[in-house]
Amino acid sequence: MGEVDFKSIVRANSELARIQDIDILLERILLEARKMVNADAGSIYAKQAKEEDATEADKLLIKYAQNDTLQKTLPPGQKQVYSRFYVPINEKSISGYCAFMRKIVNIPDMYDIDSSAPYSFNSSFDKLTGYKTVSSLTFPLVAEEQLLGVIQVLNKKDKDGNVIPFSGDDEIVLTNFASNATAAMQRAYLTRAMILRMVRMSELRDPAETGNHVNRVAGYAVEIYDRWAYKRNVREEEREHFRDILRIGAMLHDVGKVAISDAILKKPGRLTEEEFAVIKNHTLHGANLFEGTVSPIDRLAMDIAFTHHENWDGTGYPGWVDPVTFAPIKTDESGKPLGKKGAEIPFAGRIVAIADVFDALGSKRVYKEAWGEDQVLEEIRKMSGTKFDPELVEVFFETLPVIQSIKKLYSEGD
Ligand SMILES: [Fe+2]
Ligand SMILES: [Fe+2]
């Protein structure tokens with residue numbers, strides 16, 4: 001790098017502080033780290049804590065991988081799909097070693113690693129993709145003695161595009177960056193923990209509303225939005241901001257279920273019309289939780305909780321109702337509230353509607369078995385223009401490979 005661009009470091013740090021969702025943040029941290037040292041590719045791993053199995057050692061879970069060279073081989077706007085994998089925290093792999101020793105590992109050539117090193121390079125990714133990994137710099141993300149994760153940047157490029165080794169300056173720049181990144185991560189983990197605590201409260205009521213379900217729905221919603229925004233040429237800063245608040249808002253779509261009684265939510269078999277009417281009110285209870293708040297996240301969470309069961313053709317619920325008093329605002333001749341339709345339904349509500357139904361149909365519920373994916377997709381297609389915004393259904397299908405990889409990512413335990 002020679003001359004360190006301090007301005008860009010300061011800018012990156014202040015922007016990280018603005019991101020609230022941990023997943024959006026990790027993706028951005030990786031991008032900034034790569035930019036700072038001009039790395040062609042890289043991955044970010046987050047440490048997973050020991051779960052029920054106390055004998056299992058801590059491990060790293062890959063969260064994001066980026067690769068400019070491979071990205072260029074894809075159609076514009078298409079995202080790379082990568083699979084979930086774990087790396088044990090031990091000396092055998094480079095990222096495992098970095099996490100284990102909590103020290104930076106700078107390797108000029110992955111295919112020529114010193115034979116005295118305890119780790120070796122796993123070339124399976126190169127073999128699979130045809131990519132040639134040469135230089136790498138792997139550094140730990142540590143805050144207050146706690147290991148949060150590891151970043152590995154690959155193939156530093158000089159100004160002519162040749163791959164060169166990472167320098168001592170790069171090590172200093174990224175060590176400094178890591179301390180700011182981990183501060184932002186700690187904050188985002190706190191936010192995530194708080195959201196999951198709220199989700200767990202509604203999960204006590206409705207066992208279908210699990211952490212995995214909300215993570216999947218939020219993940220799908222973000223991808224649908226992002227593809228839509230790409231097609232509409234939305235500026236990247238605006239895209240990132242909306243992804244950030246959408247991910248959190250979408251996780252809370254059914255939080256209003258905290259107010260519905262177990263007797264109804266956990267009832268196996270068919271509900272009476274009155275019981276179903278009570279369940280429908282979870283939209284209003286949810287909206288109520290955020291009523292009167294002004295932050296963009298709260299506004300969006302309110303829109304989503306309120307309108308994720310509205311239908312594009314106006315046949316959904318709760319329709320034109322005041323979320324505080326539950327009083328109808330616009331009614332048909334019989335006095336029933338009119339459904340919101342088309343663009344009357346907030347954009348985020350329309351997105352989450354597709355994500356939620358896609359996930360619910362593909363999952364087992366007390367009253368039904370999980371559908372096969374072909375059947376689910378056929379159903380989504382069928383409901384384009386009636387239940388769902390047709391433009392968003394189109395976008396959903398365009399981003400299906402990424403959606404399927406998210407489904408796998410959050411499939412443990414159900
Ligand atoms: Fe719902
Ligand atoms: Fe849901």
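**Questions on the model**

Me: What is the relative accessible area of Arg102?

Reply: Arg102 is partly exposed, the class between buried (under 20% relative accessible area) and exposed (over 50%), taken with a 1.4 Å probe and protein chains only. The model is predicted, local features need pLDDT of at least 70, side-chain atom pairs count only at pLDDT 80 or more, and totals for chains, interfaces and linings use all residues; side-chain values use heavy atoms, leaving out hydrogens and water. Residues are numbered from 1 along each chain as its sequence is written, while chains are lettered from A and ligands numbered from 1 in the order in which they are written. For Arg102 the value is 40%.

Me: What is phi of Arg102 near?

Reply: Arg102 sits in the loop between helix H4 (94–101) and strand E4 (105–107); helices (H or I, at least four residues) and strands (E, at least two) are DSSP runs numbered from the N terminus. Its phi is positive although the residue is not glycine, and is near 55 degrees.

Me: Is Glu144 buried or exposed?

Reply: Glu144 belongs to the loop between strand E5 (136–143) and strand E6 (146–157), and it has a positive phi near 45 degrees in a residue other than glycine. With a relative accessible area of 66%, Glu144 is exposed.

Me: Why is the arrangement around the iron ion (ligand 1) irregular?

Reply: Asp254 (OD), His282 (NE2), His308 (NE2) and His309 (NE2) coordinate this ion at 2.0 to 2.2 Å; donors are N, O and S atoms within 2.8 Å of the metal (3.2 Å for Na, K and Ca), and sites may look incomplete because water is not among the atoms. Along the chain the donors follow the spacing D-x27-H-x25-H-H. Four donors count as tetrahedral if all angles lie between 85 and 135 degrees; four count as square planar and six as octahedral if opposite donors are over 155 degrees apart and all others between 65 and 115, and anything else is irregular. The arrangement at the iron ion (ligand 1) is irregular because its four donor atoms subtend angles of 81 to 171 degrees.

Me: Which residue bridges the iron ion (ligand 1) and the iron ion (ligand 2)?

Reply: The two ions lie 5.0 Å apart, with Asp254 bridging them. Asp254 is in the loop between helix H8 (236–251) and helix H9 (262–265), and His309 is in the loop between helix H12 (296–307) and helix H13 (347–361), so this pair ties together parts that are 55 residues apart in sequence. Both members of that pair are buried. The bridging residue is Asp254.

Me: In E3, what is the bridge partner of Leu60?

Reply: Eight of the nine residues of strand E2 (residues 59–67) are buried, so E2 is largely enclosed by the rest of the structure. Strand E1 (residues 39–48) pairs with E2 in the antiparallel sense over eight bridges, where strands pair if DSSP finds at least two bridges between them. E2 is also joined, antiparallel, to strand E3 (residues 86–88) by three bridges. In E3, the partner of Leu60 is Val87.

Me: Which helices do the buried residues of H15 pack against?

Reply: In helix H15 (residues 390–398) the buried residues are Leu392, Val393, Val395, Phe396 and Phe397. With contact meaning heavy atoms within 4.5 Å, they pack against helix H7 (211–231), H13, helix H14 (373–382) and helix H16 (400–409).

Me: Which residues have the most contacts inside the largest nonpolar core?

Reply: A nonpolar core is a set of buried Ala, Val, Leu, Ile, Met, Phe, Trp, Tyr and Cys residues joined through side-chain atoms within 4.5 Å. The largest has 56 residues, and its largest share, ten residues, comes from H13. Apart from this core lies another, of 33 residues, among them Leu16 and Ile22. In the largest core, the residues with the most contacts are Tyr225, Leu246, Ile380 and Phe396.
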